[in-house]
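Subject: Structure handover

Hello,

Here is the structure for your files. Please open it alongside this note.

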Amino acid sequence: MLFQGLPMLDAHIRPFIDGPLDRAGKRLAEIGVSANAVTLAGFAIGMLAVPAIAGQAYLLGLALTLCNRLADGLDGAVARARGPSDLGGYLDIVLDFIFYSAVAFSFSLARPENALWSALLLFSFMGTGSSFLAYAILAAKRGLTTRIRGSKSLYYLGGLTEGSETIIAFVLFCLFPSAFPVLAAVFSAMCWITTVSRILAAYRSFRRN
């Protein structure tokens, strides 16, 4: 893959956060909390960031966004403690994409002049999301597996913009809302680099029957 060997942040952060997350996830599993409950609760909290950002309460929106991302890490830890499920993997990926798009949309509600740049972000997320999921579907059809980012419900194809980079982008959006157009343009460009690299990876992997 185009970015194989480059210092993507997820690969460097995971060794530091997996231990604490797994301990917290094990504790939640012991008291009967399911991974799906964590996923749904995190999604509900994260969606509250939309009215917060729309009302230009950016720091509140940032706090809610970070709570959502914490829950996204915890649900996987609980799943590892209790045993993963297909429904859990489905909810995790679908709600993540909805949340990402909702945050981008919320900045257009905050300031009308952000609408074009929010639309560009949504356009870019369509590229990263579709290229990721389409590859995962065909990888499953061919029985391909990977542990590039740990045990996942779907085949995980990395890229320039993974989870950590997206969180950093959202943090910057909330801390510097007046710079949203520039930040959105830069992150959108990074997303399209990711999309193109995944398409090239798919071409190399699937061009032969």
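Below is what was found, from the overall fold down to single residues.

This is a predicted model: local features need pLDDT of at least 70, side-chain atom pairs count only at pLDDT 80 or more, and totals for chains, interfaces and linings use all residues. Residues are numbered from 1 along each chain as its sequence is written, and side-chain values use heavy atoms, with hydrogens and water left out.

Overall fold

The protein has eight helices and zero strands. Helices (H or I, at least four residues) and strands (E, at least two) are DSSP runs, numbered from the N terminus. Along the sequence the pattern reads α-α-α-α-α-α-α-α. Of the 209 residues, 42% are buried. Buried means under 20% relative accessible area, exposed over 50%, and partly exposed in between (1.4 Å probe, protein chains only). Among contacts with a separation of 6 or more, 79% join residues 24 or more positions apart. Contact means heavy atoms within 4.5 Å. The protein exposes about 10,900 Å², with 69% of that supplied by carbon and sulfur atoms. Accessible areas come from the Shrake-Rupley method with a 1.4 Å probe; for residues, only the protein chains shown count as cover.

The cavity

How many cavities of 30 Å³ or more does a search of the whole structure find? One. A cavity is a set of points on a 1 Å grid over the protein atoms alone where a 1.4 Å probe fits but cannot get out; lining residues have an atom within 4 Å of a point. Grid points are joined across faces, edges and corners, and a volume is the space filled by probe spheres set on the points. The largest cavity holds about 80 Å³. It is lined by 14 residues, and Thr39, Phe43, Asn68, Asp72 and Asp96 are the closest to its centre. Helix H2 (35–47), helix H4 (58–82) and helix H5 (86–110) each give two or more residues to the lining. By class, the lining has six nonpolar, three polar and five charged residues. Here Ala, Val, Leu, Ile, Met, Phe, Trp, Tyr, Cys and Pro count as nonpolar, Asp, Glu, Lys and Arg as charged, and the others, Gly among them, as polar.

Residues to look at

Asn68 sits in helix H4. Its relative accessible area is 4%, so Asn68 is buried. Beyond its neighbours within four places in sequence, Asn68 is in contact with Gly42, Phe43, Gly46 and Phe99.

Met47 belongs to helix H2. Met47 is partly exposed because its relative accessibility is 28%. With neighbours within four places left aside, Met47 is in contact with Phe99 and Ala102. The C-alpha atoms of Met47 and Thr65 are 8.2 Å apart, at 18 residues along the chain.

Val171 is in helix H7 (residues 163–175). Val171 is also 8.4 Å from Thr65 by C-alpha atoms, 106 residues apart along the chain.

Two helices

H4 has 25 residues, which should span 36 Å at 1.5 Å a residue; its end C-alpha atoms are 36 Å apart, which agrees. The expected span is 1.5 Å times one less than the number of residues. Gly83 follows H4, with a positive phi near 105°.

Helix H6 (residues 115–141) reaches 39 Å from its first C-alpha to its last, close to the 39 Å expected. Its buried residues, including Phe125 and Tyr135, pack against H5, H7 and helix H8 (180–206). Gly143 follows H6, with a positive phi near 75°.

Best regards

Note on methods. On a 1 Å grid over the protein atoms alone, a cavity is a set of points where a 1.4 Å probe fits but cannot get out, and a pocket is an open set with protein on both sides within 12 Å along at least five of seven lines; lining residues have an atom within 4 Å of a point.
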